[in-house]
Amino acid sequence: MLLVVQAALIAVFFAFLWKRDAAERLRYLIKVFAALVLGAVALGWLMFPIPRP
Amino acid sequence: MPRCEATVSDAQGVRGGRAALPEPVLLALSWLVPGLGHLLLGRRLRAAVFAAVVVAGFVIGLALQGELILPQAGDPLSYLAAIATVGNGILFIVAKLLGLGDGVVTAASYEYGNSFLLTAGMMNLLLVLDVHDIVVGRKE
């Protein structure tokens with residue numbers, strides 16, 4: 001849940017920082033949000049076999 | 001000083017929207033209050049969104065018992081974290097004055113809180129760079 005909230009904040013921030021047009025912003029927002037959430041989940045799965053110290 | 005479409009810069013200062021301020025002052029205000037730099041340059045919507053995002057990140061970070069990290073001798077990474085922490089501007093100052101942001105290391109949400117606090121600070125520092133880019137005409 002916290003991951004999703006942070007991804008949303010970052011996605012909104014960069015969408016407004018880099019894009020001017022509303023439609024372009026929305027597309028970029030979705031892309032960044034998806035990349036952050038899916039990337040974090042994928043990284044979590046990749047790290048699963050690594051034992052904790 | 002360079003010129004851009006939305007702002008006019010000259011030896012005396014930067015004029016954007018309702019403000020006529022020298023660029024260093026504008027950048028300092030941009031750091032101090034999230035979104036204020038964009039507001040002074042007439043970017044109201046972006047200013048509101050940026051302020052909301054940075055403040056939300058900061059408040060969530062504090063609520064999660066994160067720590068406002070300051071430099072600690074023997075811990076080089078704390079210097080980098082301190083840059084991000086101080087990047088929160090007035091939010092950092094007010095939180096410190098109120099005695100907030102000491103962090104609870106044993107809390108389950110401690111690292112998550114740190115992540116939010118550091119992210120908010122880095123975003124605010126990016127806003128300062130963005131204001132600079134707008135002023136010098138690299139960005140509209």
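How many residues has helix H3 of chain B, and what span does it reach from its first C-alpha to its last? I noted that this is a predicted model, in which local features need pLDDT of at least 70 and side-chain atom pairs count only at pLDDT 80 or more, while totals for chains, interfaces and linings use all residues. Residues are numbered from 1 along each chain as its sequence is written, and chains are lettered from A and ligands numbered from 1 in the order in which they are written.

H3 of chain B (residues 44–63) has 20 residues and reaches 28 Å, close to the 28 Å expected at 1.5 Å a residue, the expected span being 1.5 Å times one less than the number of residues. Helices here are DSSP runs (H or I, at least four residues), numbered from the N terminus. After H3(B) comes B:Gln65, with a positive phi near 65 degrees.

I then looked up burial, where buried means that 20 or more other C-beta atoms, placed from the backbone, lie within 10 Å of the residue's own. The buried residues of H3(B) include B:Ala47, B:Phe50, B:Val54 and B:Leu62, and their cover includes helix H1 (2–18) of chain A and helix H6 (110–136) of chain B.

For B:Phe50 I listed contacts (C-beta atoms, placed from the backbone, within 7 Å); leaving out residues up to four places away in sequence, B:Phe50 touches A:Phe13, A:Phe16, B:Pro34, B:Gly35, B:His38 and B:Leu127.

Note on methods
Helices (H or I, at least four residues) and strands (E, at least two) are DSSP runs, numbered from the N terminus. A residue is buried if 20 or more other C-beta atoms lie within 10 Å of its own, exposed if 12 or fewer, and partly exposed in between; C-beta atoms are placed from the backbone. Two residues are in contact if their C-beta atoms, placed from the backbone, lie within 7 Å.
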